[in-house]
Amino acid sequence: MKYIYQPAANKDAYTLLLLHGTGGDEQDMLPLAPELATGFHVLSLRGNVQEHGMPRFFRRLGMGVFDEPDVHFRTHEMVHFLKELSAKEGFDLQKLVAVGYSNGANIAGAVLMLYPELLAGAVLFRPMQPLHGIEDPFETSRQQPVFMSSGKTDGTVNPAATAAYATLLTANGFRVSSHDINTGHNLTQQDIDLAAGWVKENFS
């Protein structure tokens with residue numbers, strides 16, 4: 001898995017785990033990092049799947065229809081990679097804060113569901129629920145904060161589905177903060193400002 005790692009001066013700092021949207025790469029989200037937080041390690045990944053030459057974190061069967069077996073496989077693959085990388089680069093695996101946009105938000109959401117105790121928190125920009133019908137409960141005892149922002153005019157994501165997803169995460173022990181932005185699927189400065197305030201509140 002291709003990645004960029006930028007260590008902070010304090011080796012005990014939290015790590016921002018940056019996860020791009022469809023067609024992005026490990027460079028894509030880097031400009032967001034200093035806007036969201038200072039003094040954090042920064043780790044940015046590139047998805048392992050190609051869709052018409054565009055990097056993604058997992059396959060989909062159509063617009064908004066995910067290949068759920070591949071979501072499972074790619075999530076386990078990414079978590080295995082993060083565990084190996086934390087030993088190599090020396091960051092604390094318990095202090096990972098995922099920041100994902102669109103497809104990146106959805107792989108982060110899959111981590112929340114399959115490894116509920118792993119992440120210290122997550123920022124999900126334009127998320128969709130990545131997995132349905134998980135048989136095992138995925139409660140977390142860490143009560144990690146999760147930031148979600150959706151676009152009111154987003155043609156890709158159904159607002160009712162996002163609300164149901166937020167409810168599901170809340171029911172499983174996450175502290176969800178949801179925001180509806182007056183925009184489409186694109187990321188706005190308002191998203192970034194709200195998320196930066198949330199990071200400061202929860203991880204200062």
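Arginine 142 counts as partly exposed, at 30% relative accessibility (buried is under 20% relative accessible area, exposed over 50%, partly exposed in between, with a 1.4 Å probe and protein chains only). This is a predicted model, in which local features need pLDDT of at least 70, side-chain atom pairs count only at pLDDT 80 or more, and totals for chains, interfaces and linings use all residues. Residues are numbered from 1 along each chain as its sequence is written, and side-chain values use heavy atoms, with hydrogens and water left out.

**Arginine 142**
- Arginine 142 sits in the loop between S9 and S10 (strands are DSSP runs of E, at least two residues; helices are runs of H or I, at least four; both are numbered from the N terminus).
- Beyond its neighbours within four places in sequence, arginine 142 is in contact with Gln94, Glu117, Leu118, Leu119 and Ala120 (contact means heavy atoms within 4.5 Å).

**Arginine 126**
- Arginine 126 lies in the loop between strand S9 (121-125) and strand S10 (145-151).
- Arginine 126 is buried, with a relative accessible area of 1%.

**Helices H2 and H3**
- The axes of H2 (residues 68-89) and H3 (residues 103-114) come within 10 Å and cross at roughly 85° (axes are lines fitted to C-alpha atoms, for helices over the stretch in contact, and angles run from 0 to 180 degrees between N-to-C directions).
- H2 and H3 are therefore roughly perpendicular to each other (65 to 115 degrees).
- Among the H2 residues making the contact are Val71 and Met78, and among those of H3 are Ile107 and Leu114.

Methods:
Angles under 35 degrees count as roughly parallel, over 145 as roughly antiparallel, 65 to 115 as roughly perpendicular and the rest as oblique.
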